[in-house]
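Please look over the sequence and the model shown here before reading on.

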Amino acid sequence: MAADPTRRVVLTAAAAVPVLLAGCKGVGALAPLPGLAPDVVALDHAIAAEQLMVVRYQAALDALTSKGKEMTVIRALLGEHQEHLDQLRGRLILPPRLATASPGPTPTAPPLAGDGQLLADLAAAEQAASARLLRQLLEVPPALAQLMASIGASEAAHAVLLARAGKA
Amino acid sequence: MRAAEDQAGRGGRRTSRTAQAAVAALQVALAAEQAASYGYGIVGAHLTGTKFSDASTGWVAHQRARDQLIQMISARGARPRPAAVAYQLPIGVRTGADAVALAILLEHQVTAAYLDLVAQPDPVLREFGARRMQAAAVRAARWGGRSQAFPGLPASALQAGHGR
């Protein structure tokens with residue numbers, strides 16, 4: 001049975017800081033951000049990894065010379081990564097101070113080679129991502145661990161599908 | 001003194017509840033692995049060549065997982081639930097294609113059965129469950145199963161408005 005799906009990770013440490021600095025705007029603006037809870041860091045890293053994966057797949061679609069089965073597979077898997085990203089983002093609630101901050105730099109995909117190498121690189125990225133999630137899910141609440149485990153399983157299976165598409 | 005005893009009592013009850021939840025999650029995974037081991041016997045009986053080899057490999061993987069789960073349950077002082085003598089298959093199997101479809105179904109069921117284990121606070125159990133979910137999803141893909149964005153997760157675990 002899935003744990004409570006409504007539970008969300010919140011940046012509580014960051015939200016507590018303005019209490020000490022209220023009425024002291026100048027110093028408050030210069031205050032360093034407090035350390036983030038491990039579950040927030042793990043979720044943030046998982047979101048960044050999914051963003052990079054989406055960028056990689058979009059770049060692969062642009063670079064692909066074959067328009068056949070390879071493109072169908074890449075399109076389908078890109079759609080699943082966008083779903084992963086949506087669900088992970090939905091679990092993170094930022095306090096106003098961080099929510100309005102400038103977003104981080106947009107990830108860029110590495111340079112792409114021929115179609116075969118492109119599929120192999122994506123498969124390797126999927127395997128690395130699923131292995132990373134195995135570590136990250138140890139740091140988060142139960143419902144988020146289940147989501148991360150499921151995403152990790154999806155990405156491990158993606159590597160198989162990409163390898164098959166590369167052989168076809 | 002009384003307060004300290006109360007606190008110790010509450011802590012003990014919490015530990016006990018956590019241990020019971022862990023055993024219950026292990027038993028769910030064990031039942032799925034036992035069913036998959038039985039099912040793979042049927043799968044293998046309808047296949048030849050490399051597909052038969054794949055079925056044998058899958059059967060061994062489920063047997064090993066079953067043995068590990070039995071060990072984990074026993075180590076917690078509980079009794080592993082025995083396997084059934086026979087299982088009702090989710091689909092009829094008459095051809096090789098049926099057998100492959102059954103293998104995919106079994107892997108999907110196994111993936112979902114580890115979900116409770118992944119929710120346990122014990123990092124060893126959590127990682128074990130997540131690894132088994134990945135292994136089952138990979139086997140399902142190797143059998144030709146369709147890709148899934150959230151293998152094992154029920155729709156109710158996903159947040160509305162955030163895709164699926």
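**Two chains and their contact**

Reading from the N terminus on, the elements of chain A run β-α-α-α-α-β-α-α-α, which comes to seven helices and two strands. This is a predicted model, and every value below should be read with that in mind. Chain B, by comparison, has five helices and zero strands, and its pattern along the sequence is α-α-α-α-α.

**Chain A as a whole**

- Chain A has 168 residues, and buried residues make up 45% of them.
- If we take the contacts in chain A with a separation of 6 or more, residues 24 or more positions apart account for 84% of these contacts.

**Chain B as a whole**

- Chain B has 164 residues, of which 42% count as buried.
- Among the contacts in chain B between residues at least 6 apart in sequence, 71% join residues that are at least 24 apart.
- Chain B exposes about 8600 Å², with 55% of this area supplied by carbon and sulfur atoms.

**Where the chains touch**

- Between them, chain A and chain B bury about 2800 Å², and 60% of this buried area lies on carbon and sulfur atoms.
- On the side of chain A, the residues that lose the most area to chain B are Glu83(A), Gln87(A) and Leu134(A), which together make up 20% of what that side buries.
- The elements of chain A that give two or more residues to the side touching chain B are α4, α6 (115-136) and α7 (142-167).
- Of the elements on that side, α7(A) gives the most, with 16 residues.
- The contact as a whole takes 34 residues from chain A and 31 residues from chain B.
- As for the kinds of interaction, the count between chain A and chain B is 14 residue pairs in polar contact, with both residues at pLDDT 80 or more, while the count of salt bridges between the two chains is zero.

**Glu70(A), a buried residue with a charge**

- Glu70(A) is found in helix α4 of chain A, which covers residues 69-90.
- Glu70(A) is buried and yet has no salt bridge, and the nearest side chain of opposite charge, that of Lys69(A), is 8.2 Å away.
- When residues up to four places away in sequence are not counted, Glu70(A) touches Leu64(A), Leu119(A) and Ala165(A).

**Met148(A), a residue in α7**

- Met148(A) lies in helix α7 of chain A, the element that gives the most residues to the side of chain A that touches chain B.
- Is Met148(A) buried or exposed? Met148(A) counts as buried because its relative accessibility is 0%, and the cut-off for buried is under 20% relative accessible area.
- Leaving aside neighbours within four places in sequence, Met148(A) is in contact with Ala42(A), Leu43(A), Ala46(A), Leu88(A), Leu133(A), Gln136(A), Leu137(A) and Val140(A).
- Along the chain, Met148(A) and Arg164(A) are 16 residues apart, and their C-alpha atoms are separated by 25 Å.

Key:
Residues numbered from 1 in each chain as written. Chains lettered and ligands numbered in written order. Predicted model: local features only at pLDDT ≥ 70, side-chain atom pairs only at ≥ 80, totals over all residues. Heavy atoms only, no water. Helix = DSSP H or I, 4+ residues; strand = E, 2+ residues; numbered from the N terminus. Buried < 20%, exposed > 50% of the residue type's maximum accessible area, 1.4 Å probe, protein only. Lys, Arg positive; Asp, Glu negative; His and termini not counted. Salt bridge = Lys/Arg side-chain N within 4 Å of Asp/Glu carboxyl O. Contact = heavy atoms within 4.5 Å. Buried area = accessible area lost by both parts, 1.4 Å probe. Polar contact = N/O pair within 3.5 Å; in protein donor to acceptor, adjacent residues only side chain to side chain. Areas by Shrake-Rupley, 256 points an atom, 1.4 Å probe, with all protein chains shown as cover.
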